[in-house]
Amino acid sequence: MIAVEEYEAMLEAYGRTGADPRVLRNGETGSLIVHENKVLRVGQAPGLKIETEPTASGVSVALVVAEGARLEHPVHLCFGVLPREGLQEIVLSVEAQAGSELTAVAHCLFPNAVDVTHRMDADIRIGDGARFSYRETHYHGEAGGIRVVPRGKVSVGKKGMWQSTFALIEGCVGVLDYDFDVFGDESSISELTVKVSGKKKDEIDIVEKIHLDGQGARGLAKSRLVLSDNARAMVRGETYGNAPFARGHIDCLEVVNGDGVVASAVPVVHVNDRRAKVTHEAAIGSIDSKQMQTLMARGLSEEEAVDVIVRGILR
Amino acid sequence: MFRPELCFLPHVGERKQVLTAENLRLTLNGRQVINGLSFEVKEGTIHGLLGVNGTGKTTLANLLMGICYPDEGSIVFQGQDITRRSISERAKMGISLAWQEPARFEGLSVREYLSLRRQPGMEEIEGYLWTVGLLPAQFLDRAVDATLSGGERKRVELASVMAMKPSLAILDEPDSGIDVLSLPHIMNGIAAMGKQGSSVLLITHSEEAIKAADEVWIACDGRIVNTGQPQELCEWFKNHCSTCSHVGEPEHNGA
C-alpha cells in the first residue's frame with residue numbers, strides 16, 4: 001500500500017470502531033498515526049512536540065509537553081497493523097514537564113491479525129506537579145492471531161499524577177503480556193487500570209507494579225477481567241510502600257464465565273516504612289447471583305443480565 | 001393514610017385480587033420457614049407485613065419474585081399460575097422487587113438502572129428521583145456502586161421499582177438503615193407507587209412506615225397470624241410479639 005491508501009485505510013479502520021475519524025484529521029489537536037513502521041500523520045499542538053523516527057520494525061516516538069503547558073484537547077495516537085501478518089514495535093518516550101497537563105487517547109487497530117505482534121516499550125517521565133492521563137484501547141479481530149506486549153516504566157514527580165487505562169475488550173485478545181512499573185515521588189498519585197475481555201484460547205498475563213517512593217505518595221493498581229470459553233489469565237499486582245504515609249491499594253476482579261477458564265491473581269503488598277500502608281482485594285468467580293437476580297427482577301433475561309454486568313465491569 | 005386518588009376503589013375487602021398465595025410451604029436447612037401461608041394481594045392496595053426478624057418475610061418476598069420456589073402451595077398472579085415461573089417472566093408480567101440489601105453495579109449509572117427494561121423519558125426518570133428525594137443533576141450519572149451510601153442506594157432501588165410501573169411492587173424493608181430525614185422520601189416513594197396504581201406489599205419493622213398501609217398482616221413462624229388496620233395491628237404486634245416465645249430464639253433470626 002502507498003502511504004495515502006494506508007492513511008485512508010487506518011482512518012476507515014478507526015471509524016469502524018465507532019470513533020470519529022475527524023479527530024485524527026483535526027489540525028488543532030495533537031495527533032499521530034502509525035501503520036506498521038510508517039508514520040502517516042503527525043499533528044502538533046501548542047505546548048506539544050511530537051518527533052518520530054521510523055525503525056526497521058516500527059517507530060520511535062518522542063512526545064514532549066512543555067513546562068506549564070495545559071493542552072485543552074486530548075492528543076490522539078493511532079497505531080495499527082492492517083494486514084494479516086506483521087510486526088510493529090513502538091518505542092515511546094514521553095516527557096511531561098513540570099506543571100503540564102495532558103490527556104492522550106491511543107487507539108490500537110489490528111482488525112485482521114492472524115500472525116501479528118505489537119510491542120510497545122514506553123519510558124514516561126511526569127514532572128513535578130504535572131498531570132498525565134493516558135487511555136489505550138485495542139480493537140482486535142476475531143482470529144486471535146495477535147501478540148500484544150506493552151511494557152512501560154513511569155516515573156511520577158512530586159505532586160504529579162499518572163492515570164492510565166488499558167482496555168482490550170473488542171475482538172479476541174490473542175496473547176497479552178502487559179507489564180507496567182510505576183515509581184511515585186512525594187505526594188504523587190499513580191493509577192493503573194487494565195480492562196480485558198478474554199475468550200476462546202486467549203492468554204492474558206498482567207503485571208502492575210507501583211513503587212510508592214515519596215512521602216505521601218498514593219497508588220492504585222486496578223484490574224477488571226471477564227473471561228469466557230477457554231481463556232487463561234494471570235494478574236499480578238504489586239504495591240510497595242517505601243516512604244512515610246504512602247498509601248497503596250490493589251483491586252483485582254476476574255469474572256469467570258466459562259467452564260474452560262483458568263484465572264489466577266497474585267497480589268503482592270510490601271511495606272518498608274512503618275507509617276506506610278498498602279492493601280489489596282482480589283476476587284475471582286462467576287457473576288454475582290444477586291446482581292443477576294436483581295436485573296432479572298427488572299425483566300431482563302439471563303443473557304441480557306450477564307451482558308449488562310459485564311459491560312459495566314469493563315466500562 | 002387517606003389517599004383520595006383511591007376513593008373510586010371499593011373497600012379493601014371488596015377489591016379484586018391481583019395475587020393469591022395458597023398454603024405456601026418452604027423448608028430451608030431443615031427449618032420450616034414458610035408454614036402454610038395464604039393471602040390475597042388486592043388491586044391498588046398497600047399491604048403492610050409486620051413481623052420480628054426470622055419470621056420468613058424476606059423469604060416470602062423471594063417466593064413471590066421467583067428467586068426460590070415453594071415446596072408446596074401455589075401463587076396465582078392476575079389469573080395465571082406463576083408458582084414455577086422464572087424471575088424474568090414474573091417481572092415481565094408486572095411483579096417487581098425492591099431488595100432489602102440491594103446489589104451494587106460497577107459501571108452502571110442510575111439513569112441506566114432506571115431504564116433497564118422500560119425506556120422512560122428523561123423527565124419521567126427525573127420525576128422518580130425527585131420523588132425519593134434525590135436530585136437528578138447529582139445522581140443521574142452516578143454509578144450504582146459502592147460510592148452510593150446505603151440510604152442513597154435504597155432510594156435508587158425504590159425509584160427503579162417505580163420506573164418499572166409494576167402491577168405488584170414488593171418492597172422489602174425499604175426503610176431499614178434510613179436516617180430520619182430521609183424517611184419521608186421513602187414514604188413519598190411508597191405513596192407514589194400506590195398513586196400510580198401499583199399494588200404494594202410493604203415489608204417493614206417500622207411503626208412509622210406501616211402507617212402507609214391500607215391493611216396490615218402480622219407474620220409469625222412463617223404464617224400470617226393477624227390482619228387489620230395499621231393503628232390497631234401495631235398495638236397488637238407490640239403487645240403480642242414482644243412477649244412471643246419465638247422472639248430471641250436463635251433460629252428466629254435466620255431468614
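Two strands count as paired if DSSP finds at least two bridges between them. Keep that in mind for the sheet in chain B, where 6 strands line up in an open arrangement with mixed pairing. What you're looking at is a predicted model.

- The edges are taken by strand E6 (95-98) and strand E10 (223-228) of chain B. Each has a single partner strand, so one side of each is left without a neighbour in the sheet.
- Going from one strand to the next, the twist averages 20°.
- At the E10 end, strand E9 (residues 215-220) of chain B pairs with E10(B) in the antiparallel sense, over 5 bridges. To find that pairing on screen, look for B:Ile218, whose bridge partner in E10(B) is B:Asn226.
- Helix H6(B) packs on the sheet, where it touches E6 and strand E7 (168-172) of chain B. The direction of H6(B) makes about 170° with that of E6(B).
- Helix H7(B) packs on the sheet too, touching strand E3 (46-50), E7 and strand E8 (199-204) of chain B. Its direction makes about 155° with that of E8(B).

**Helix packing in chain B**

- Two packed helices are described by the angle between their axes and the distance between the axes.
- For helix H4 (residues 122-131) and helix H6 (residues 150-164) of chain B, the angle is about 140° and the axes are 9 Å apart. Roughly antiparallel would take an angle over 145 degrees, so H4(B) counts as oblique to H6(B).
- The crossing of H4(B) and H6(B) is right-handed.
- On the H4(B) side, the contact uses B:Ile125, B:Tyr128, B:Leu129 and B:Thr131, and on the H6(B) side B:Ala159, B:Met162 and B:Ala163. By class, that's 6 nonpolar residues, 1 polar and no charged ones.
- H6(B) also packs with helix H7 (residues 183-195) of chain B: their axes come within 10 Å and cross at roughly 10°. That angle is why H6(B) and H7(B) are described as roughly parallel to each other.
- Here H6(B) brings B:Arg155, B:Leu158, B:Ala159 and B:Met162, while H7(B) brings B:His185, B:Ile186, B:Gly189, B:Ala192 and B:Met193. Sorted by class, this contact has 6 nonpolar, 2 polar and 1 charged residues.

**Strand pairs in chain A**

- Strands of a sheet pair through backbone hydrogen bonds, either parallel or antiparallel.
- Strand E6 (residues 85-96) and strand E8 (residues 115-126) of chain A pair in the parallel sense over 12 bridges. For a landmark, A:Glu85 stands opposite A:Asp115 in E8(A).
- E8(A) also pairs with strand E10 (residues 146-156) of chain A, in the parallel sense, over 11 bridges. In this pair, A:Met120 has A:Pro150 of E10(A) as its bridge partner.

**Two leucines in chain A**

- Is A:Leu24 buried or exposed? It counts as buried, because 23 C-beta neighbours lie inside 10 Å.
- A:Leu24 sits in helix H2 (residues 22-25) of chain A. A:His76 is 52 residues apart from A:Leu24 along the chain, yet their C-alpha atoms are separated by 6.6 Å.
- Neighbours within four places in sequence aside, the contacts of A:Leu24 are A:Leu11, A:Tyr14, A:Ser31, A:Ile33, A:Arg41, A:His76 and A:Cys78.
- A:Leu82 is in the loop between strand E5 (75-80) and E6 of chain A. With 19 C-beta neighbours inside 10 Å, A:Leu82 counts as partly exposed, because buried takes 20 or more.
- A:Leu82 and A:Pro111 are 29 residues apart in sequence, and 6.5 Å apart from C-alpha to C-alpha.
- Again leaving aside neighbours within four places in sequence, A:Leu82 is in contact with A:Ala9, A:Ala13, A:His35 and A:Asn112.

**Where the chains meet**

- 18 residues of chain A are in contact with 19 residues of chain B.
- On the chain A side, helix H3 (289-296) and helix H4 (302-314) each supply at least two residues. The largest share, 6 residues, comes from H3(A).
- The side of chain A that touches chain B has 7 nonpolar, 6 polar and 5 charged residues.

Definitions and conventions:
Residues numbered from 1 in each chain as written. Chains lettered and ligands numbered in written order. Predicted model: local features only at pLDDT ≥ 70, side-chain atom pairs only at ≥ 80, totals over all residues. Contact = placed C-beta atoms within 7 Å. Helix = DSSP H or I, 4+ residues; strand = E, 2+ residues; numbered from the N terminus. Nonpolar A, V, L, I, M, F, W, Y, C, P; charged D, E, K, R; others polar. Axes fitted to C-alpha atoms, helices over the stretch in contact; angles between N-to-C directions. Parallel < 35°, antiparallel > 145°, perpendicular 65-115°, else oblique. Left-handed = near helix turned anticlockwise from the far one by under 90°. Buried ≥ 20, exposed ≤ 12 C-beta atoms within 10 Å, placed from the backbone.
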